[in-house]
Amino acid sequence: MNIQFCALIRLSDQALLCSHGPLDRYFNTEATNVVKEVSLLPEIKKSERCVLPTNAGPIHCYRKNGYLFAAICKEGYPSRVAFAFLLELESTCSGAFSKPMASDAQIKATHIFSDLARKYDDPAKIDKTCEIMQQLDQVEKKMQENLYLVLERGENLQKVQNRAEDLSRSAQKFKDEGKQLAIIEKRRNMKLKLTVILLFSCVLIYIVLPFIQSAVE
């Protein structure tokens, strides 16, 4: 699971209202202690959202209305997705916690934590950017596999480099030829414009000249 542990702490007395984690009781106990320790840090009071490094992994914290929603995620899990998880957790559980907290409400909250943790386990299903990054990683992996296949088939790395240089030279030559063609086309258009202007001037003179001669006579 990318979201290894999530919990809800009431900041007034550091009471653990609800949590969700793996079946490992030792890990859950350690993670709970970490969340409680983090809830006492000044960073929590200063900022509504923060990410703090811990031995258990980076912990994302979201504070609202005297409660702290926290999630311990694996390294590399996108922060924006982690905070989206905490925001949905808060909005879903909003108003469900009171003092004292009913047992049925706690059971319901535990199910909410579990369901949302599963929903956000794959960030690519939540965040389009993550999906694109995963696709790019797959493309990069495929390219590396193809390169290994080429090398295994006896292709010399120097030959590959020479081909790449040839392609680069061909591309540069094509680019230069394109520039030359653009210059030639520009000159051709300029000549055409001058020719049209000259013809138009001649026609105009041919039409106007008799009137000028008549006026002079």
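Tutor: Two strands pair if DSSP finds at least two bridges between them, strands (E, at least two residues) and helices (H or I, at least four) being DSSP runs numbered from the N terminus. This is a predicted model, in which local features need pLDDT of at least 70 and side-chain atom pairs count only at pLDDT 80 or more, while totals for chains, interfaces and linings use all residues. Residues are numbered from 1 along each chain as its sequence is written, and side-chain values use heavy atoms, with hydrogens and water left out.

Student: Why are β2 and β3 described as standing at the edges?

Tutor: The open sheet has 5 strands with antiparallel pairing, in the order β2-β1-β5-β4-β3. Because β2 (15–20) and β3 (49–52) each have a single partner strand, one side of each is left without a neighbour in the sheet. From one strand to the next, the twist averages 20°.

Student: Which helices lie across these strands, and at what angles do they run?

Tutor: Helix α1 (residues 25–39) lies across β1 (3–10), β2, β3, β4 and β5 (67–73), at about 50° to β1. Helix α3 (residues 79–93) lies across β1, β3, β4 and β5, at about 40° to β4. Such angles run from 0 to 180 degrees between N-to-C directions of lines fitted to C-alpha atoms, for helices over the stretch in contact.

Student: Why is C18 called buried, and what is C202 called?

Tutor: Buried means under 20% relative accessible area, exposed over 50%, and partly exposed in between, with a 1.4 Å probe and protein chains only. C18 has 3% and is therefore buried, whereas C202, at 44%, is partly exposed. Q4, found in strand β1, is likewise partly exposed because its value is 22%.

Student: What surrounds Q4, leaving aside its neighbours within four places in sequence?

Tutor: Q4 is in contact (heavy atoms within 4.5 Å) with H20, G21, P22, F27, A56, I72, C73 and K74. Q4 and D121, 117 residues apart in sequence, are 9.2 Å apart in space, C-alpha to C-alpha.

Student: What makes R49 count as lying over the face of F83?

Tutor: A charge sits over a ring if NZ of Lys or CZ of Arg is within 6 Å of the ring centre and within 35 degrees of the ring normal. R49 lies over the face of F83 at 5.8 Å from the ring centre.
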